Amino acid sequence: MFHYLNIWSILTGIANARPIIKRIPNKALYDIGDEVKLTCRAENTTNGYEIKWYKINSNREPIEMEKAKTKWIGEIQHETLSLKSLSAQDMGIYMCKIFFIEYSASMLANIKLKVPLKPDIQILNEENNFHPKEGKGFSLSYNVSSYPVSDIKWWRSEDGKEYELITQCLATKTCEVHGGKENITKTSFEIDDLRFPQDNFFYKCNASNDYGKDSETFQLEVYVKPEISMQTIYRFKEGMIINCSLKRSNPPEVKFTWYSCNTPNCGEKSQNLSEKSFLRLDSQPKSVMKYQCKVKNAAGSASEIIEVFKSAGNSSIPNPNSSDQRHTLILIVVPTGLISMIIVVVAGFVLYRRKKMYGGFYLFSYPPLPDYIKSINRNGNIQEQLQQLPFIPEWEFPRERISFDSELGSGQFGIVWLAEAIGISAFHPRDMLREREGGRRFSLFNRTTKRNSYVFCTEVTQVAVKTMKENFDRNDLADLQSELKILIHVGENENIVNILGACTKGKSSNLWIIMEYCPNGNLREFLQNNQSRYSVEEESFDPDISQVFGPRNIIYVAWQIAKGMTFLTSRKIIHRDLAARNILLGRGYVAKVSDFGLARDVHKHQQYLKTSTGLVPFKWMALESIRNSLFTEKSDVWSFGILLWEIFSLGETPYPDMYFNDVHQYLLQGKRMEPPIHCPGDM
């Protein structure tokens, strides 16, 4: 809730002089603790008017204020009422009344204040335990909603009991620089190049203001895959024990597997001998035998191959000097050599193809996932290539775990629904694909376990689901399928609406795209509905714009949109319809670019030639787009400029009082819109 200061006049008797109220400072909104001076005088007269200040009580009765002070400037009387350190008791209507014989006139001033709000910390990652891998970076986003702005303090602990202060971010200052690896701001927490066990800590974030406090705690535990430390060459002894010792591992819970190697490289198809940390040998090898110890934990796996030689003196080695032995040896060696040569040639060709395709051999591990968008041939038919982009099965999410709530909106061929998804907070296809790169092939248990880990999660998350309309045609379905593939392959960014999953099984027309839900609606409606809460004099900055906001806030929103469009441009995406209505406000009022999946992607020379029919946003289009239906990243820059006009006009329609048919001629004449009224001189 917000409170403003309004002024109006009431006259009685014969019309004469009017009272004039001047307020210092002259602000649209007042903070708790502000000092306000209300000065009243009679307008355009030097007659001896009597001036009094009153406050209107709850029964609408005027109560005279005794603490007003009188000051004469020349022959004009000024009556000043000082309200020091504003509080809730000072809210209300104040009346200045002037008297002269039977004439009286009054003027009212309504003082309202911002409602205080105790701190509320929201960690956007929505987890309490994080397990990044050693050598990687870690980042976390958070938001503190409060009024007045809170002081933020960050603490660190090795055991979760005794915490030490590492930095603080006072309400009016940036976060203090400290000597640790943590990079902390008022909205983010980051650490680069994590190490085990040095970077294993509990962290606590405290926020406090005069009206309360809040606290959030999380644990950062760096995971490292096992490292084996053991001897690799042994001489056989009956009943010998070979230990597979670990140098380090986190988490410490590991699975041991011993294999008898039937192939030179010891694959998993070899015989499984034991699942203990040691191997007992009771049988003498004929000459030499290889064994493999494989150790696996949640961070990865490692293996070591050992050789066990026959003990000396137990048996003699055959002497191949006789003619029979020599003949037998030839019959064995020659065919074996020919087969080996063929195998080497075929393997060399296969390895050459894999090296050329993936940059490595990846015989026993998964190759990196290709960047299909980069591989699109700009000289070919873009739509056909988009149709051929693969749907990656890891993005499939069960339909039965989604329940629809209400319709959020509809477009040319699709409907967007508000829905609830069970377990999707634990469904991370991109992470699973990244972890699979370099992982072992043929590990069905590990692959199935990771893919289905969300099945055991019962958390319910609000999502947005896009479906087909009932009266769709084949082209509409092809567009939705292309949109799904673009959303999957374009990648993830904080300032775009990201895909969470998809439901593709069943009829092709029953396609669902599951996306992030942005609870604060689109930017245009937000600005239009909250114009009264905008104050050009508001100098403080808080990403939370649920209360009063000023120029710095909307500049920050514009910066977030620019970051999202920079990412899309780097992925060769042309938006074509960049406007405030297509910018959604997510949790914490983070600006996210939406509807880019319909952007038709790249075209030859990074251009897009519009040939399809439909509604065209003329007022947001560049000249070359209107005249030649030509769309490039430069035309998106033009649309971004129109979007900035929308932002700084607080949601007004561009080229006001002008029909869209007249916009083209207006631009050809070299004319441009005037800067909006709320646009600051310096940005």
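Trainee: Let's start with Cys293. Is Cys293 buried or exposed, and what's its relative accessible area?
Mentor: Cys293 is buried, because its relative accessible area is 0% and the cut-off for buried is under 20%. Keep in mind that this is a predicted model.

Trainee: Okay. Which cysteine is joined to Cys293 by a disulfide?
Mentor: That's Cys244, with an S to S distance of 2.1 Å.

Trainee: Where do Cys244 and Cys293 lie, and what does the pair tie together?
Mentor: Cys244 lies in the loop between β21 (240–243) and β22 (246–250), while Cys293 is in strand β26 (residues 288–297), so the link ties together parts that are 49 residues apart in sequence.

Trainee: And what about Cys244, buried or exposed?
Mentor: Cys244 counts as buried, because its relative accessibility is 4%.

Trainee: Is the disulfide of Cys244 and Cys293 left-handed or right-handed, and why?
Mentor: Left-handed, because the torsion about the S-S bond is about -100 degrees.

Trainee: How many disulfides does the structure hold?
Mentor: It holds three disulfides. Another one joins Cys40 to Cys96, with an S to S distance of 1.7 Å.

Trainee: What about Cys169 and Cys175, how far apart are their sulfur atoms?
Mentor: They are 1.9 Å apart, and the two residues form a disulfide.

Trainee: Left-handed or right-handed for Cys169 and Cys175?
Mentor: Right-handed, because the torsion about the S-S bond is about 100 degrees. Cys169 is buried, with a relative accessible area of 0%. Cys175 is buried too, with a relative accessible area of 14%.

Trainee: Changing topic! Which residue does UniProt list for "active site"?
Mentor: The UniProt record, an unreviewed entry, lists Asp577.

Trainee: Where is Asp577 found?
Mentor: Asp577 is in the loop between α7 and β33.

Trainee: How does Asp577 count, buried or partly exposed?
Mentor: Partly exposed, because its relative accessibility is 26%, and that class runs between the 20% and 50% cut-offs.

Trainee: What does Asp577 touch, if I skip residues up to four places away in sequence?
Mentor: Asp577 touches Asn582 and Pro617.

Trainee: Which residues does UniProt list for "binding site"?
Mentor: Asn582 and Asp595, again from an unreviewed entry.

Trainee: Let's take Asn582. Where's its place?
Mentor: Asn582 sits in the loop between α7 (551–570) and β33 (583–585). Asn582 counts as buried, because its relative accessibility is 7%.

Trainee: Which backbone oxygen does the side chain of Asn582 reach?
Mentor: The backbone oxygen of Asp577, at 2.8 Å.

Trainee: What else is Asn582 in contact with, leaving aside its neighbours within four places in sequence?
Mentor: Its contacts include His575, Lys592, Val593, Ser594 and Asp595.

Trainee: How far is the backbone oxygen of Asn582 from a polar atom of the Ser594 side chain?
Mentor: The distance is 2.8 Å. Not counting residues up to four places away in sequence, Ser594 also touches other residues, including Val497, His575, Ile583 and Leu584.

Trainee: Last one, Asp595. Where's its place?
Mentor: Asp595 is in the loop between β34 (591–593) and β35 (608–609). Asp595 counts as partly exposed, because its relative accessibility is 37%.

Trainee: And what does Asp595 touch, not counting residues up to four places away in sequence?
Mentor: Asp595 touches Lys466, His575 and Asn582.

Terms used:
Residues are numbered from 1 along each chain as its sequence is written. This is a predicted model: local features need pLDDT of at least 70, side-chain atom pairs count only at pLDDT 80 or more; totals for chains, interfaces and linings use all residues. Side-chain values use heavy atoms; hydrogens and water are left out. UniProt positions are given in the numbering used here, feature names are shortened, and annotations may be inferred rather than shown by experiment. Helices (H or I, at least four residues) and strands (E, at least two) are DSSP runs, numbered from the N terminus. Buried means under 20% relative accessible area, exposed over 50%, partly exposed in between (1.4 Å probe, protein chains only). Contact means heavy atoms within 4.5 Å. A polar contact is a pair of N or O atoms within 3.5 Å; within protein, one must be able to donate a hydrogen and the other to accept it, and residues adjacent in sequence count only if both atoms are side-chain atoms. A disulfide is a pair of cysteine sulfur atoms within 2.5 Å.
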